[in-house]
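Hi,

Here's the structure I promised to pass on.

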Amino acid sequence: MKTKKLINAGENAVDEMLEGILSAHPDHLYAVDGMPRAIVARHGPRQGKVGLVIGGGSGHEPSFLGFVGKGLADAAAVGNVFASPPPDPIIACATAVNGGAGVLFLYGNYAGDVMNFDMAAEMLAMDDLEVRTVLSTDDVASAPADQREKRRGVAGNVFIFKAAGAACDLMYSLDEVERVARFANERTYTMGVALSPCSLPQTLKPNFAIGESEMEIGMGIHGEPGVARGELAPADAVTDTLLDKILEEMKASAGDRVAVLINSLGSTPLMELYIMMRRVKQRLDQMGLVIHTSLVGNYCTSLEMAGASITLMHLDHELQRLIDHPCDCAMFRVG
Amino acid sequence: MKTKKLINAGENAVDEMLEGILSAHPDHLYAVDGMPRAIVARHGPRQGKVGLVIGGGSGHEPSFLGFVGKGLADAAAVGNVFASPPPDPIIACATAVNGGAGVLFLYGNYAGDVMNFDMAAEMLAMDDLEVRTVLSTDDVASAPADQREKRRGVAGNVFIFKAAGAACDLMYSLDEVERVARFANERTYTMGVALSPCSLPQTLKPNFAIGESEMEIGMGIHGEPGVARGELAPADAVTDTLLDKILEEMKASAGDRVAVLINSLGSTPLMELYIMMRRVKQRLDQMGLVIHTSLVGNYCTSLEMAGASITLMHLDHELQRLIDHPCDCAMFRVG
Amino acid sequence: MQVDVVRLQEMFGAIAQAMAREKERLCELDGVIGDADHGIAMELGFSAAAKAVAALDPATSDPTAVFNTAAKSFLSAVGASSGPLYATAFMRAGAAVKGKPSLTDGDMIDAFEAMAKGIQDRGKAEPGEKTMVDAWAPAAAAARSAQLEGKPLVACLEAALDAATKGAEATKDMIAAKGRSSRLGDRVIGHMDPGAASAVVLIDTIARSFDA
Amino acid sequence: MQVDVVRLQEMFGAIAQAMAREKERLCELDGVIGDADHGIAMELGFSAAAKAVAALDPATSDPTAVFNTAAKSFLSAVGASSGPLYATAFMRAGAAVKGKPSLTDGDMIDAFEAMAKGIQDRGKAEPGEKTMVDAWAPAAAAARSAQLEGKPLVACLEAALDAATKGAEATKDMIAAKGRSSRLGDRVIGHMDPGAASAVVLIDTIARSFDA
Ligand SMILES: Nc1ncnc2c1ncn2[C@@H]1O[C@H](COP(=O)(O)OP(=O)(O)O)[C@@H](O)[C@H]1O
Ligand SMILES: Nc1ncnc2c1ncn2[C@@H]1O[C@H](COP(=O)(O)OP(=O)(O)O)[C@@H](O)[C@H]1O
Ligand SMILES: [Mg+2]
Ligand SMILES: [Mg+2]
Ligand SMILES: [Mg+2]
Ligand SMILES: [Mg+2]
């Protein structure tokens, strides 16, 4: 049995999607000439500004190219489904957004992405373009707290990209943008739960198997197995499981402000996300934490996977300002 | 086998969702005191302005309450899943947004909604509140063209609500708002395709059965059977089937401008929607039609149903202005 | 027979139980030609109605109060199509027996007929359009003619049940003209209308509730 | 044996075919401990490499050009983890045999060893971390020691295949320390690393391609 999808040939899905995105959002995005996988913001990159390049595999839409635009990322390099982009489009992105103040590569911590972005950075260094790299590692389920650098980057990217993009837009120096990106990553915690798999367009087969009444706590956004598998629990219990782990690490005090993201992995509808949001609010209220802003919806998906993740960013004055800073992307706007 | 959902008790899903929505969007929305199913815009309703009340069953999020906000609808009455709200919250909405210039009820044409909104209007008339009603009937698959008044209202609501809400915000009279709403509805055409069912939170059972490789052309947003069932076709062919029917009725000429909406019924991911968008652009280009604006994503869903719909609104100068008019809702923004 | 407030309270309690039992089947019927929620609506509506009605003090309430309370609580709990239809039915029943402390057989048939009329007024459906009217209209007519023949209440209601059952059965052969299934053309042929099916359950339960 | 450009072109063609055959199995292996796409990446990469390499004119190209072309086209088509790993492998192979119009048995083993070294340099994985290195590192060592024993190319490659197969098998007992599966702890025990499995397919195909 093949998963039903509204696609043409599976191997063309990414390129056809990109054509559709450029058709829908010509005022926001364009592709570098001859490099259709390098998507650049029409407004945003400018002389003297640090260029912010994000990217990763496809299948996570609106991540990553939905967050390209004025006030956020300047360009995104687009890979095959769940596969890092190769160095070529990464290099094309960096070149297109270079305003003479250096470029920051900011992306999730996956072996493939690291190798490809590093190769790109090495080649750009030969052309005297200064590139720094910050990896997002917000998935608390993916390694113990003392090995934070081994963790995956997941939905928390939205806040981390947002903070770094705002810093770029405010004309921070490359040093400062790098500092902000690292700090934003340190203060961002995500954990997810998956209920059902997704299928790659090329295979149309579920990418993992899961029991009829099971859930997988801590599953990654490519279907990488999580920390525990168990019987599906009520939404409040699931929310508590995810929050407990996040709050344990976050160490916030009453009065502290947080940004909240309740993210669908794909097919989990808003109704369920908002039911989780309700519980998050109850729990944060109990602790005296203040919800400064909240995002609920599809931000970092895994095609049609069912499940959701919760992200908290622990704000300070600077992060709060950066999160509130206006941005105007094809699939995301603030201010 | 039960459909897996991140909910608590199924019968509490709607109320818990609403709590979550108010937790996430306190700056945009509030519920009328003692009437949690009557959701009102914090900004928007004001003296001298026609009040716009929308509504319908739950399970279509971000429809309808995601479109409540300054420049769009003033309030939404919220029903159970796939069930019209009763008169009480409708009356509460109308009362809350009454600015002395009358109220327009604007909602999709379903027997249940018509009866409940009509009962509400009758009761409001006793209190001398002038209420007009316009029904949206954009689903071209749901009745022949000569019986347009029998058609269902589906995703095209977004554009119809948008035009009427802008007219209200521009302080049009009740007569004029009604005229705009009717005209917007006449110029809006939607057709959808479904690939897999959804399950109500109270039953956790698929609401219809469909073959492993089948699709249903013209299916309604509550799983009402469509006009034809057939083997799943490639995205371009499906897009053509939907567009052919829409374009046949729309009778546009080269140079005309259209607003495009590619809507997911729930679990169909952005990748597939943008692949459809690509084909829409090719077809409209061939005809010399200009895409004035396009929306791609989850706008009018059926919980986690798989499938998509295409909407075209045939713009004239007035509709174009109204579609471009700024609005600021919890789940939708323009300008 | 004299039907008082307590008997009406029991009647609503029995209907609520019956709808809870039939919920799944009604949802399945609605799934074929509608949106799969009719059983949910009926269960929700009648459990709300039964609860509200049970809270009335029989010493200070009359049958009209029972029907009006049922109407309001059903409507508020449900909305949907069934909400306004049954709310109107109960309001009309209440109006038909206004001022009476308890109801004779004739009063009960008046109330029953008023319900059918209320459903038809609210939904503007004619018999033959594949709705609950196809059960209610013949049921009301059969109850009335049995009463005119001098039959006692239970026999009248049994005649109504018989007519409703046949009417519901007949919806299988109809093309729908009202409600969600009205856009399906001949794809609905062979399937019973869920609203007609639930009307049979309701009338059956009413009949039994006075059969003692 | 002298390996010329035409034989290398044939070798890449054979690898592409083998990966197309093994695509499903490699995706399934990756599905258990990774993201289910390793077969897609390998098929895509080697079909791009084979195509680009086949377009080279043997009259004007040398083995280094073949390896460099394979590296670039593989990388551009794939990205992912396999892209940089195999691109680096082929670039190192090209560098190892720079300036030679055709390759002796010893040159081939140099190239083979350079590939394994390239993979390890790029990925910074050590043997025992449940990656393709667990196939490549013992394979390269086995090929070199067979060559030092004076064995011909095919025998050296067969020794490599034997070592790669055992290495891949051994990944089943390992906890992963690199790549997507490195966060799974002991849940990966019992499952072969997909990159090690595809390395076996690749080395097998190389060995066969010179076995004639
Ligand atoms: N206009 C109408 N007149 C009478 N009955 C109607 C009408 N419209 C719908 N119905 C009845 O309502 C039933 C469906 O009720 P229900 O599923 O509870 O509501 P909804 O259609 O809102 O989901 C139909 O089977 C039909 O019998
Ligand atoms: N750092 C690394 N060093 C060596 N091999 C690695 C490394 N990271 C991953 N791999 C190999 O890559 C394989 C997965 O490749 P593939 O599925 O194509 O890429 P991705 O992980 O990007 O989906 C793993 O099975 C492993 O053998
Ligand atoms: Mg991958
Ligand atoms: Mg319904
Ligand atoms: Mg129904
Ligand atoms: Mg993989």
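This is a predicted model: local features need pLDDT of at least 70, side-chain atom pairs count only at pLDDT 80 or more; totals for chains, interfaces and linings use all residues.

If you want to find the ligand, look between chains B and C. Of the 20 residues around ligand 1, the nearest are Asp35(C), Asp37(C), His38(C), Ser82(C) and Asp193(C). Three helices of chain C each give at least two residues to that shell: H2 (38-54), H4 (82-96) and H8 (194-209).

What do the oxygen atoms of ligand 1 sit beside? One is 2.4 Å from a polar side-chain atom of Ser82(C). There's also a 3.1 Å distance from a ligand oxygen to an N or O atom in the side chain of Asp30(C), and a 3.2 Å one to a polar backbone atom of Ser81(C). As for cover, ligand 1 has 560 Å² of accessible area on its own, and the protein covers 96% of that.

Now hop over to chain B and find helix H6, residues 235-250. Its 16 residues reach 22 Å from first C-alpha to last, close to the 22 Å expected at 1.5 Å a residue. Which parts of H6(B) are buried? Among them are Ala235(B), Val238(B), Leu242(B), Ile246(B) and Met250(B). The cover over the buried residues of H6(B) includes strands S8 (188-196), S9 (214-217), S11 (257-264) and S13 (306-314), plus helix H7 (270-287), of chain B.

Cheers!

Key
Residues are numbered from 1 along each chain as its sequence is written. Chains are lettered from A and ligands numbered from 1 in the order in which they are written. Side-chain values use heavy atoms; hydrogens and water are left out. A residue is near a molecule or strand if one of its heavy atoms lies within 4 Å of it. A polar contact is a pair of N or O atoms within 3.5 Å; within protein, one must be able to donate a hydrogen and the other to accept it, and residues adjacent in sequence count only if both atoms are side-chain atoms. Accessible areas come from the Shrake-Rupley method with a 1.4 Å probe; for residues, only the protein chains shown count as cover. Helices (H or I, at least four residues) and strands (E, at least two) are DSSP runs, numbered from the N terminus. The expected span of a helix is 1.5 Å times one less than its number of residues. Buried means under 20% relative accessible area, exposed over 50%, partly exposed in between (1.4 Å probe, protein chains only). Contact means heavy atoms within 4.5 Å.
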